[in-house]
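Subject: Structure for you to look through, with notes

Dear colleague,

Please find below the structure that I promised to hand over.

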Amino acid sequence: MIGVYHATAISLVSRCCPFALELQERGVPADRSVYQVGIAAHAILEGVSLCTNECNRELTPEEVNVAALGVCERLMSVGRSYDGKGEPPMSPESVFAGQEVALAWLMWNPIQPGGKVELGLGLDGQGQPCDYWKGEGLKVRTILDEVRIIRESDEESSRTVLAVRDYKSAWSTSDEELDTLQRRIQAVAAWRYFGPADVLRLEVANLRLGKVYTREIYREDGLDEQINAWWTHIAATCRALDAQKAIGPRPAAPGRGCLSCQYVGACEHASDFMERAGMHRTPEQRAIAFCVAAAVKEELAEQLRIDADEQPVKIADGEVGYRAKDRQKLKPDAYVDLWGTWSASGGGPDGFAKGLKLTKANAEAVAKLLYPERGQKKDRDAWLAELMEPENVREFGAWPAEEKS
């Protein structure tokens with residue numbers, strides 16, 4: 001519906017370009033395969049949350065597994081419904097990978113009762129609450145993963161906190177997600193529906209890394225003014241999108257945004273850059289073509305991994321798919337022999353550790369063995385923080401523009 005924008009559509013413009021929204025509005029099928037694991041993880045977290053609220057207590061590990069499995073079976077049998085539209089059943093591989101992500105998160109972050117989950121909220125042209133589907137003057141829609149109203153107190157004071165959490169399954173999720181326009185839409189909607197409160201707490205949870213990035217804004221420090229300012233930016237963005245559509249197809253901006261665009265395979269502007277690959281004469285043209293080519297390659301690879309799961313795909317001069325490769329690995333007791341030989345030659349623990357070239361991942365694996373209990377997560381993180389130090393490395397790729405101070 002032109003003139004009514006979902007927060008995810010605005011996010012699509014921010015991440016990719018306006019033409020991606022154009023393709024979405026045309027109803028062009030999107031490549032959603034890359035998002036299936038995250039979709040499954042979200043659905044499982046929602047299912048566990050609903051069961052938790054129904055029982056009005058924290059679920060046991062067995063109950064969590066039962067609830068998660070029920071969601072998995074539904075996703076594989078009938079698929080999910082999003083914004084009133086049914087989606088095809090998901091593959092078992094995607095569903096169970098999502099289950100693994102969700103259960104790993106829940107092991108250290110059990111859900112407590114009282115949260116409102118997958119909540120659809122609508123805002124009108126003045127940023128005021130209205131019906132999500134057909135509200136008068138409806139302008140923006142958003143879905144909140146979780147909202148809680150929490151009463152906190154200490155020896156000196158008490159306060160009401162409006163906590164708005166967004167779950168992210170991408171490895172790259174960082175505290176930068178707290179500053180996106182999509183996040184600000186969620187904040188405005190939550191505040192206009194459930195506020196006022198003493199504190200607005202924005203949370204972005206990286207399901208892969210088990211981290212929660214948090215920002216708290218206190219009402220006494222100008223929270224109401226901040227909400228109004230954010231709505232001003234949101235409204236201006238909507239007016240700009242309306243203006244784009246009023247003069248024709250939304251414009252394209254091939255480049256780094258192609259790397260996260262699910263419409264890259266259907267984009268004629270991206271295809272045009274691919275067809276002119278040999279004609280690029282400037283570094284900027286080659287850089288844009290690199291981003292487009294990388295995006296198309298990854299989109300094709302996602303589908304080909306499925307096509308070639310049983311057997312390789314034959315082509316004129318070879319095949320594309322999986323091949324078994326022999327490689328060497330250490331025997332289970334090899335480390336005992338390594339240490340025995342090292343120490344027998346007079347070597348000490350420090351030299352042995354340096355010779356192994358231990359990595360951050362090795363340290364994290366050891367930390368999980370030393371602090372295996374759910375309640376020990378803070379101790380584990382604190383111990384790991386003492387072991388780490390920053391390192392500057394040089395890596396080739398396509399990066400977002402650095403903000404100028």
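Is K245 buried, partly exposed or exposed? K245 is partly exposed, because its relative accessible area is 25%, where buried means under 20%, exposed means over 50% and partly exposed lies in between, computed with a 1.4 Å probe and protein chains only.

Before going further, please keep in mind that this is a predicted model, in which local features need pLDDT of at least 70 and side-chain atom pairs count only at pLDDT 80 or more, while totals for chains, interfaces and linings use all residues. Residues are numbered from 1 along each chain as its sequence is written, and side-chain values use heavy atoms, with hydrogens and water left out.

The chain as a whole

The protein chain has 13 helices and 11 strands, which are DSSP runs numbered from the N terminus (H or I over at least four residues for helices, E over at least two for strands). Of its 405 residues, 36% count as buried, and the C-alpha atoms fill a box of roughly 80 × 70 × 50 Å along the principal axes.

Salt bridges

Side chains of opposite charge can pair when their charged atoms come close. The structure holds 20 salt bridges, each being a side-chain nitrogen of Lys or Arg within 4 Å of a carboxyl oxygen of Asp or Glu. In one of them, E25 meets K245 at 3.6 Å, N to O. E25 lies in helix α2 (residues 18–25) and K245 in helix α7 (residues 223–246), so this pair ties together parts that are 220 residues apart in sequence. Like K245, which is partly exposed, E25 counts as partly exposed, at 28% relative accessibility. Another salt bridge joins R219 and D224, whose closest N and O atoms are 2.8 Å apart, and a further one joins R305 and E298 at 3.5 Å, N to O. Salt bridges that share partners also join E22, E25, R26, K245 and R250 into one network.

Cavities and a pocket

Rolling a probe the size of a water molecule over the atoms shows where empty space is left. On a 1 Å grid over the protein atoms alone, a cavity is a set of points where a 1.4 Å probe fits but cannot get out, whereas a pocket is an open set with protein on both sides within 12 Å along at least five of seven lines, and lining residues have an atom within 4 Å of a point. Grid points are joined across faces, edges and corners, and a volume is the space filled by probe spheres set on the points.

The search of the whole structure finds 2 cavities of 30 Å³ or more. The largest cavity holds about 100 Å³ of space, and of the 14 residues that line it, C17, A20, C258, C261 and C267 are the closest to its centre. The second largest cavity holds about 50 Å³, and α3 gives the most to its lining, with 4 residues.

The second largest pocket has about 760 Å³ of space, and of its 22 lining residues, R208, L209, G210, K368 and R380 are the closest to the centre. Here α5 gives the most to the lining, with 6 residues.

With best wishes
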